[in-house]
Amino acid sequence: MALLLEHEFRPLPADKQIETLPFLEAVSHLPPFFDCLGTPIVYSPVKADLAGNIKKIRAVYESNPSKFKTLQNILEVEKEMHGAAWPKTGATLALMWLKRGLKFMLVLLQSISDGERDEEHPNLIRVNAMKAYEIALKKYHGWMLQKLFMGSVYALPYKSDLLKALEKGREVKEEESIEKIHQFLTRVTPILDAIYEMYTRMNAELSYKA
């Protein structure tokens with residue numbers, strides 16, 4: 001899967017300490033995924049938000065690479081630095097929104113990989129996208145954004161077109177594409193789960209609506 005496996009994520013270490021630079025290098029290849037979903041009015045802002053948050057985290061990392069070597073270092077140091085303003089500030093806030101965008105992407109791909117579908121319209125991905133939105137983003141969006149997304153599911157590409165886009169236009173058998181999605185999910189899901197666990201453990205999760 002050309003787009004997803006272009007730059008592999010490192011395996012999650014036993015101590016679940018995710019090194020910042022390799023994480024940023026891998027995740028920076030993922031915003032173009034949202035181009036594959038069409039509907040620019042909805043997904044272009046999501047893509048831009050993802051890319052913008054990666055840029056913010058990178059800027060903090062590059063200000064002091066040894067101090068911000070891991071993602072946990074970032075949260076710990078910023079908690080000290082920003083006091084009462086934390087966690088709604090800096091790279092901590094950027095990573096919070098980045099993980100939500102990644103969660104949407106992973107739940108959508110997992111749902112497709114698991115074969116979940118509308119039996120009457122098996123080549124549509126509305127069911128998968130709605131599940132991903134409900135789990136990853138809906139509770140953080142206000143009424144207007146929710147309405148916009150609900151309308152966008154009717155303009156999503158066919159599953160076959162999405163898989164072809166993820167292969168960068170190459171014709172590949174569906175089973176082969178699904179296997180590559182599975183490889184991607186096997187590597188990335190534990191990393192994302194560890195980031196969510198870190199936010200819960202450090203009481204850094206916020207529930208305000210965008």
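**A guided tour of the salt bridges, rings and core**

The structure holds 17 salt bridges. The model is a predicted one, and the stops below begin with some of these bridges.

**Salt bridges**

Select R187 and E8 first. These residues form a salt bridge in which the closest N and O atoms are 3.3 Å apart. R187 belongs to helix α8 and E8 to the segment before α1, so the bridge ties together parts that are 179 residues apart in sequence. R187 is partly exposed, at a relative accessible area of 29%.

Next, select E167 and K180, whose side chains meet in a salt bridge at 3.5 Å, N to O. E167 lies in the loop between α7 and α8, while K180 lies in helix α8, so this pair joins parts that are 13 residues apart in sequence. Are these two residues buried or exposed? Both E167 and K180 are buried.

Then move to R117 and E119, a salt bridge with its closest N and O atoms 3.6 Å apart. R117 is partly exposed, with 42% relative accessibility, whereas E119 is exposed, with 59%.

**Aromatic rings**

A search of the whole structure finds ten aromatic pairs. Select F104 and F149: their ring centres are 5.9 Å apart and their planes stand at 90°, so the pair is edge-to-face. F104 is in helix α4 (residues 90–113) and F149 in helix α6 (residues 143–152), so the contact ties together parts that are 45 residues apart in sequence. F104 is buried, with a relative accessible area of 2%, and F149 is buried as well, with 5%.

Two lysines may be examined beside tyrosine rings. The charged end of K99 sits over the ring of Y199, 5.1 Å from its centre, and K103 lies over the face of Y196, 5.2 Å from the ring centre.

**Core and surface**

Now select L4, F23, F33, L37, L95, F104 and F184. Of the 68 residues in the largest nonpolar core, these touch the most other members. Among the elements that give two or more residues to this core are α1 (20–27), α2 (40–63) and α8 (174–201). Which element gives the largest share? Helix α4 does, with 15 residues.

Finally, select I41, L145 and L148, which make a nonpolar surface patch of about 260 Å². L145 lies in helix α6 and is partly exposed, with a relative accessible area of 34%.

Key. Residues are numbered from 1 along each chain as its sequence is written. This is a predicted model: local features need pLDDT of at least 70, side-chain atom pairs count only at pLDDT 80 or more; totals for chains, interfaces and linings use all residues. Side-chain values use heavy atoms; hydrogens and water are left out. Rings of Phe, Tyr and Trp (its six-membered ring) pair if their centres lie within 6.5 Å; planes under 30 degrees apart count as stacked, over 60 as edge-to-face and the rest as tilted. Helices (H or I, at least four residues) and strands (E, at least two) are DSSP runs, numbered from the N terminus. Buried means under 20% relative accessible area, exposed over 50%, partly exposed in between (1.4 Å probe, protein chains only). A charge sits over a ring if NZ of Lys or CZ of Arg is within 6 Å of the ring centre and within 35 degrees of the ring normal. Patches are made of residues with over 30% relative accessible area and no salt bridge: like charges are joined within 9 Å, nonpolar side chains (Val, Leu, Ile, Met, Phe, Trp, Tyr) within 5 Å. Accessible areas come from the Shrake-Rupley method with a 1.4 Å probe; for residues, only the protein chains shown count as cover. A salt bridge is a side-chain nitrogen of Lys or Arg within 4 Å of a carboxyl oxygen of Asp or Glu. A nonpolar core is a set of buried Ala, Val, Leu, Ile, Met, Phe, Trp, Tyr and Cys residues joined through side-chain atoms within 4.5 Å.
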